[in-house]
Amino acid sequence: MMDLRYQKTKIAILRAIEVLLQNKDFEKISIKDICEAAQISRSAFYLHYTDKYDLAKQCQLELIEKGNRLIKESVIVKRRELMLTMLNLLLGEGRVLALLISSHGSSEIQDNIRYLMRENARENILPLTNLKFENTTEERYFLSFFSNALFGVIQEWINSGQKETPEEIVALVDKNFLFEFE
């Protein structure tokens, strides 16, 4: 069982980075800023993360892992349900990741998220579609298009203050994708 202090420190770090990202670019946030906002020592921060990029990466991986679990548990069988689930995750548990995707995030982190989205689509979404590709080049470009389009929509939604509900965003995306999961 994980130490309660360890869990509380991790929660404090996540809350601190969330608050900082609302007003400051990721590249300009220091470990000192995070520690001050979380009211923890630097050594406490380093018990959890090697640096702020590790913090960002862990946020990404945790959210993607949760999404993948939902897909694999067959809770989600349609693209609409998948996107709705992911958007709701970004509003809730994935709030830090949402801010890292925003204009306050860094291009390096955004590129990494796009890459993870593309690989996730290859492994977990394509097998659920009725799409057939003649070769790997077609598949590669489709995955690039799909992941970048979704990333762009999500980034725009976050940058504009998430005014639309996840259901409204899903309806907008639905108008632009012509395939369904089998």
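Reader: What share of the contacts with a separation of 6 or more comes from residues 24 or more positions apart?
Author: In this predicted model, such residues account for 68% of those contacts in the chain.

Reader: And which helices or strands do I see? How many of each?
Author: The chain has nine helices and zero strands. Read along the sequence, the pattern is α-α-α-α-α-α-α-α-α.

Reader: How compact is the chain for 182 residues?
Author: It is as compact as a globular protein of that length, because its radius of gyration is 18 Å, close to the 16 Å from the globule rule.

Reader: What does the C-alpha trace span along its principal axes?
Author: About 55 × 35 × 30 Å.

Reader: What percentage of the residues count as buried?
Author: Of the 182 residues, 44% do.

Reader: And the accessible surface? What does that come to?
Author: About 10400 Å² for the chain. Carbon and sulfur atoms hold 53% of that surface.

Reader: New topic, charges. How many positive and negative ones are there?
Author: The chain has 24 positive and 27 negative charges.

Reader: Now cysteines. How many disulfides turn up in the whole structure?
Author: A search finds zero. Cys35 is in no disulfide, and its nearest cysteine sulfur belongs to Cys59.

Reader: Is Cys35 buried or exposed?
Author: Cys35 counts as buried because its relative accessibility is 4%, and the cut-off for buried is under 20%.

Reader: What about Cys59, buried or exposed?
Author: Cys59 is buried too, with a relative accessible area of 11%.

Reader: Let's switch to Arg122. Where is that residue found?
Author: Arg122 lies in helix H7, which covers residues 107-125.

Reader: What is the relative accessible area of Arg122?
Author: The value is 31%, so Arg122 is partly exposed.

Reader: Which residues does Arg122 contact, leaving aside neighbours within four places in sequence?
Author: Arg122 is in contact with Pro127, Glu139 and Leu143.

Reader: And Ser107? How far is that from Arg122 in space?
Author: Ser107 and Arg122 are 22 Å apart, C-alpha to C-alpha. In sequence they are 15 residues apart.

Notes: Residues are numbered from 1 along each chain as its sequence is written. This is a predicted model: local features need pLDDT of at least 70, side-chain atom pairs count only at pLDDT 80 or more; totals for chains, interfaces and linings use all residues. Side-chain values use heavy atoms; hydrogens and water are left out. Helices (H or I, at least four residues) and strands (E, at least two) are DSSP runs, numbered from the N terminus. The radius of gyration is taken over C-alpha atoms; the globule rule is 2.2 Å times the number of residues to the power 0.38. Buried means under 20% relative accessible area, exposed over 50%, partly exposed in between (1.4 Å probe, protein chains only). Contact means heavy atoms within 4.5 Å. Accessible areas come from the Shrake-Rupley method with a 1.4 Å probe; for residues, only the protein chains shown count as cover. Lys and Arg count as positive and Asp and Glu as negative; His and the chain ends are not counted. The place of a charge is taken as NZ of Lys, CZ of Arg, CG of Asp or CD of Glu. A disulfide is a pair of cysteine sulfur atoms within 2.5 Å.
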